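Please look over the sequence and the three-dimensional structure below before reading on. The paragraphs that follow lead from strands to core to surface.

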Amino acid sequence: MMTRFAPVRAWWEGLSSREQVMMAVLGALAMVLLVSLLIIQPLLGAHERARDSYAASMRLYRAVETDADTLQVLATEVPVSPVPDQSLRAVAGSMALRHDIALARMVPGEDGGLTVNIDRAETAAVLAWLVDLDQRYGIRAQASTLDRDADGFVSASFVLSRGGA
């Protein structure tokens, strides 16, 4: 291996002390330049991209948070008057969504009623849903079956109709 570097060593020894110092300084500057270009600059660029990505994520999060607050306010507003042209099925379904109730089945009856089945929902949510349907839209339960499950949950079936008829 020494034979490979023999020409370089001979060249180095042929330089004066002053030239050797200048070449050493030049080599050190070249190393600093390489370290800067190959290591430091890419790391700084990655850091800057990460900071920009985080800032964009926070802007998006704040926008979603604001939209969620607006949606929550709009969802809790009471409509000025019931909309008579909405179907019983549409009203029951949208009100169930507001109360976080998953409706298993909705079957229209021949008399204009609607049979609604709930497989599992919180008791308080189901009762609040029924009260909302009655107070906001005049939709009442003509028949009901509630089976209590564990931890405040129920499975239920209702026959709903407008105006208590």
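Two residues are said to be in contact, or to touch, when they have heavy atoms within 4.5 Å of each other. This is a predicted model, in which local features need pLDDT of at least 70 and side-chain atom pairs count only at pLDDT 80 or more, while totals for chains, interfaces and linings use all residues. Residues are numbered from 1 along each chain as its sequence is written, and side-chain values use heavy atoms, with hydrogens and water left out.

Helices (H or I, at least four residues) and strands (E, at least two) are DSSP runs, numbered from the N terminus, and two strands pair if DSSP finds at least two bridges between them. Strand β1, residues 105-108, runs antiparallel to strand β2, residues 114-122, and four bridges join them, with Arg105 standing opposite Asn117 in β2. These two strands form a hairpin with five residues between them, and in its turn Gly112 has a positive phi of about 95°. On to the next pairing: β2 is joined by seven bridges to the antiparallel strand β4, residues 153-162, where Leu160 stands opposite Leu114. Strand β4 also pairs with β3, residues 139-148, in the antiparallel sense over nine bridges; the hairpin of β3 and β4 has four residues between the strands, and Asp151 there takes a positive phi near 60°.

Which residues have the most contacts inside the largest nonpolar core? A nonpolar core is a set of buried Ala, Val, Leu, Ile, Met, Phe, Trp, Tyr and Cys residues joined through side-chain atoms within 4.5 Å, where buried means under 20% relative accessible area, exposed over 50% and partly exposed in between, with a 1.4 Å probe and protein chains only. The largest such core has 21 residues, and those with the most contacts inside it are Ile101, Ile118, Trp129, Phe158 and Leu160. Helix α3 (88-98), β2, helix α4 (123-137) and β4 each supply at least two residues of this core, and the largest share, six residues, comes from α4. Leu160 touches, among others, Leu88, Leu114, Trp129 and Ile139, not counting residues up to four places away in sequence.

The buried residues of α3, including Leu88, Val91 and Ala92, pack against β1, β2, α4, β3 and β4. After α3 comes Asp100, whose phi is positive, near 55°.

Elsewhere, Leu38 has its place in helix α2, residues 17-76, and is exposed, with a relative accessible area of 60%.
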